[in-house]
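Hi everyone, thanks for coming. Let's look at one chain together, starting with its layout and then moving inside.

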Amino acid sequence: MAMRTTTYIQAINEALREEMQRDSNVFLMGEDVGQYGGLFRVTRNLFDEFGPKRLLDTPISEQAFIGMAVAP
């Protein structure tokens with residue numbers, strides 16, 4: 001049996017998709033992770049599948065990340 005070959009980016013994308021399908025509480029937030037598809041396109045097509053409530057584009061601001069992470 002031949003071993004499957006993939007890239008790190010494909011593996012990360014698949015892992016994110018699997019976890020988001022498995023658990024509706026999982027969401028991503030970061031710079032350009034939504035419609036743009038993330039740096040190196042690592043979140044490609046996830047926005048189309050899960051929408052803006054689960055893939056949150058954030059401003060380029062570390063303070064904003066912290067505030068969103070701890071907000072109720």
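From the N terminus on, the elements run α-β-α-β-α, giving three helices and two strands. Helices (H or I, at least four residues) and strands (E, at least two) are DSSP runs, numbered from the N terminus. Please keep in mind that this is a predicted model, where local features need pLDDT of at least 70, side-chain atom pairs count only at pLDDT 80 or more, and totals for chains, interfaces and linings use all residues. Residues are numbered from 1 along each chain as its sequence is written, and side-chain values use heavy atoms, with hydrogens and water left out.

Now, which residues form the largest nonpolar core? They are Met20, Leu28, Leu46, Phe47, Phe50 and Leu55. Helix α2, residues 46-50, supplies the largest share, three residues. A nonpolar core here is a set of buried Ala, Val, Leu, Ile, Met, Phe, Trp, Tyr and Cys residues joined through side-chain atoms within 4.5 Å. Buried means under 20% relative accessible area, exposed over 50%, and partly exposed in between, using a 1.4 Å probe and protein chains only.

Take Phe50: not counting residues up to four places away in sequence, Phe50 touches Arg17, Met20, Gln21 and Leu55, where contact means heavy atoms within 4.5 Å.

My last stop is Asn13, in helix α1, residues 8-22. Is Asn13 buried or exposed? Asn13 is buried, with a relative accessible area of 11%. Leaving aside neighbours within four places in sequence, Asn13 is in contact with Val42, Thr43, Arg44 and Leu46. A polar atom of the Asn13 side chain lies 2.9 Å from the backbone oxygen of Val42.

Terms used. Polar contact = N/O pair within 3.5 Å; in protein donor to acceptor, adjacent residues only side chain to side chain.
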